[in-house]
Amino acid sequence: MRTEVLVIGSGAGGATTAAVLAEAGRHVTIVEEGPWVDPDDPTIEPFSIQEMTTKYRHHGSSAALGTPPIAYAEGRCVGGSTEVNSGLWHRLPEHLAEEWAEAYAIDGFEPATLAAYAERIEGWQSVSKVPAAPPLSSALLERGATKLGWRSTEFPRVFRYDAGHQRGVKQTMARTLVPRALAAGAQLVPDCRVTKLTTNDDRTRITGARARRTRNDGTTEDLTIEADHVFVCGGAIQTPALLQRSRIRGRGQVGKGLKLHPTIKIAARFPHPVDHGDVPMHRITEFAPNLTIGGSASRKGHVALALADAAPPRTDFDDALDDWENVAVYYAAIRSEAAGRVQAIPGLEAPLVTYRLTDGDMSRLARGLVHLGELLLAAGATELFPSVDGGTIVRRHDELTRWWDAVDRTRTNLMTVHLTSSVRMGEDARRSGADSFGRIRGFDNLYVNDASLLPDAPGVNPQAAIMTIALRNAEHFLATTP
Amino acid sequence: MLDFERQLVATLTDVDDPGLRARVAGFVEASLHAMPEHLRLGVLVQSVAFAAWTKIAPTDDLAGRLERSPIPLVRQHVRLFRSLVLFAEQELATTA
């Protein structure tokens, strides 16, 4: 197989790259490890067990090792994590863009420049707020914030609200930019895992990739793909792992500096039913970006998991689960000062991911949990189950103080869905594996264009930042590469 | 899944319907199979160790004994299985 531009991965970064380059007339091939799953398949409901088994890598069972370990989830299908996330849209905060540009010496990273790219994507992706009143699970966040005098914000989402779709249709990459790329002539190869990038003899240029494609009947075939240019867009875990398997280290920076948003949860019981079909759009921005409070998926399975995380007495658990329609799951996520590592292991498909939270991070998580508890009680919750093994079930405000000491390294259950910064961008070669526009140091034609490039965790859903930077870098490539 | 793991899943599964119990066990087995290899290897090693332990010191309350362990790694082991079972029980019952 031969192509001008090989794009590995079809998530927020890969699909943006492929669409922009294909529409500019480049011959683009997108290789995606996961399957094509019809985004309109009615048997796969958002956040359901069917979605988990068809669209998530490892069925959602991955973890960064550390004390405590942090469970994480990644999409693995055409469209990547945009197929499974909440679709919330947060532009990269301006002050972070300024800080990162200075700290990592990133060229062309001015807030006004990024805002112009973000605005274009927002048009493509129908970024908008819910046209009617937000669901109760979201309004409860606002209600609690109002009572406490905290700032809350209703964020827009990548949702389209056509007539007859009151709930809206999430504008995932499989619905938007992948079809756009294909319409412009790009080729899509799903079920195809790139095992290694190939290089010329002096290892200054990428010549293509070796891959293994799984056919519909389950048999496999090995492919060699020749390419003039390669964009690796597999996300903050898979991208550095592929580079490492190909012995590309980015001068020691590839796989270092992984960032994520450690997230602690509460299952909150209310004296009335709460909706469970959507993820709340409100976020508490009072403490942003270092601490964000919001709502999670709350299907019955999620409610059961969140209740069990507190390891409550059996009678309390059963009583709350019987009343699950009155229970919703909320979270507090922090910007962590720790950094993790991604390390490919020879002979294994999955890389080793490690992340050790600092004492300061643990303290911030405890503060986040207490603030989240305050908010939910103010919103009318009558019973709070924290994701802390043996953590007190809180029913009154004065009981929240018990959580300060409960959040420790051995009993706290954490998760995340935001992973970034494992191949950071910038002109400072001591701190970044790629240049200001994603080109890997030491190679003429190898680029990263996904969440890996963000120099730090943004403290908000990173999809907007990933797509904004991907568009910027793709257009820079077009402008500089004949 | 190892016999010990099947036993643990059976202990943790609350529903009586044999068909649903089988689907829950199937989901747990598929999820363990889909885990990153090094994490699955760690779970396997722990399962072998706990299986040996329960041979030496039999118990009628397998899950309870593991969940009350002062060793975080032991509690995390049973938590993993409990999470998979709980999620599958609720979700598969909904879609049954």
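Predicted model: local features only at pLDDT ≥ 70, side-chain atom pairs only at ≥ 80, totals over all residues.
A crossing of two helices is right-handed if the near helix is turned clockwise from the far one by less than a right angle.

**Entry 1, a helix pair in chain A**

Two packed helices are described by the angle between their axes and the distance between the axes. As for handedness, α8(A) passes α9(A) in a right-handed crossing.

Which residues make the contact? From α8(A) I listed Val303(A), Ala304(A), Leu307(A) and Ala308(A). From α9(A) come Phe317(A), Ala320(A) and Leu321(A). Sorted by class, this contact has seven nonpolar residues, with no polar and no charged ones.

**Entry 2, a sheet in chain A**

Next I traced an open sheet of four strands, in the order β19-β18-β13-β22 (chain A), with antiparallel pairing. Which strands stand at the edges? They are β19 (352-355) and β22 (419-420) of chain A. Each has a single partner strand, so one side of each is left without a neighbour in the sheet.

I then zoomed in on β22(A) and strand β13(A), residues 256-260, which pair in the antiparallel sense over two bridges. Across that pairing, Lys259(A) stands opposite Thr420(A) of β22(A).

I counted 20 residues of chain B in contact with 22 residues of chain A. On the chain B side, α2 (18-34), α3 (37-56) and α5 (72-95) each supply at least two residues. Which helix gives the most? That is α5(B), with eleven residues. The side of chain B that touches chain A divides into ten nonpolar, five polar and five charged residues.

I finished on Thr53(A), which is found in helix α2(A), residues 49-55. Buried, exposed or in between? I found 15 other C-beta atoms within 10 Å of Thr53(A). A residue needs 20 or more to be buried and 12 or fewer to be exposed, so Thr53(A) is partly exposed.

Leaving out residues up to four places away in sequence, Thr53(A) touches His59(A) and, in chain B, Ala30(B). I also checked Pro386(A), 333 residues from Thr53(A) along the chain: their C-alpha atoms are separated by 27 Å.

How values were computed: Residues numbered from 1 in each chain as written. Chains lettered and ligands numbered in written order. Contact = placed C-beta atoms within 7 Å. Nonpolar A, V, L, I, M, F, W, Y, C, P; charged D, E, K, R; others polar. Pairing = 2+ DSSP bridges.
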